[in-house]
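Hi everyone, thanks for coming.

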Amino acid sequence: MSLHAAHPLHPTQSARARWFPGRPGSISQVRRFIAEELPSHPRQDDAILLTSELATNAIEHTRSGQHGDGFFVTVEHTCTEIVRITVHDSGNRQQTPHVTKPETDDKHGRGLFIVDALADRWGSRKGWHGQETWFEI
């Protein structure tokens with residue numbers, strides 16, 4: 001059975017999760033975790049990039065980056081060979097994640113724009129700990 005009720009026809013064959021501290025230094029650990037979980041996947045580079053974008057958002061824009069709260073990353077492999085990666089963060093009371101088109105000289109605001117461009121599907125919802133933002137490749 002999938003961890004996500006939105007996909008009852010695509011049960012999970014395997015799922016792995018790992019907790020990371022809510023510090024910028026954790027992003028390199030997130031990248032290594034995804035590389036280890038998807039060693040021969042044809043879109044491994046996309047998965048690493050997109051997960052690091054979501055993890056960075058968790059640290060910079062949610063309570064996960066405050067007081068050492070941290071965040072979880074889960075990697076699910078389905079029977080249909082879809083990979084779903086979810087970042088479970090501590091949430092943000094002000095807003096839910098959404099795509100904005102950054103101006104050329106903006107220094108921030110490209111994370112979800114990149115996720116939207118490269119992922120087959122993505123979404124966000126309130127989760128058990130705060131917010132869950134996921135993508136599929």
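So, how many residues does helix α2 have, and how far does it reach from its first C-alpha to its last? It has 18 residues, 44-61, and reaches 25 Å, close to the expected 26 Å, where the expected span is 1.5 Å times one less than the number of residues. Helices (H or I, at least four residues) and strands (E, at least two) are DSSP runs, numbered from the N terminus.

Quick housekeeping: this is a predicted model, where local features need pLDDT of at least 70 and side-chain atom pairs count only at pLDDT 80 or more, while totals for chains, interfaces and linings use all residues. Residues are numbered from 1 along each chain as its sequence is written, and side-chain values use heavy atoms, leaving out hydrogens and water.

Back to α2. Its buried residues include Ala47, Leu50 and Leu54; buried is under 20% relative accessible area, exposed over 50%, partly exposed in between, with a 1.4 Å probe and protein chains only.

Now the rings. We count two aromatic pairs, meaning Phe, Tyr or Trp rings (six-membered ring for Trp) with centres within 6.5 Å; planes under 30 degrees apart are stacked, over 60 edge-to-face, the rest tilted. Phenylalanine 20 and phenylalanine 33 are edge-to-face, 5.9 Å centre to centre with 65° between the planes. Phenylalanine 20 sits in strand β1 and phenylalanine 33 in helix α1, so the pair ties together parts 13 residues apart in sequence. Phenylalanine 20 also stacks with phenylalanine 71, at 5.6 Å and 25°. That pair links strand β1 to strand β2, 51 residues apart. Phenylalanine 20 and phenylalanine 71 are both buried.
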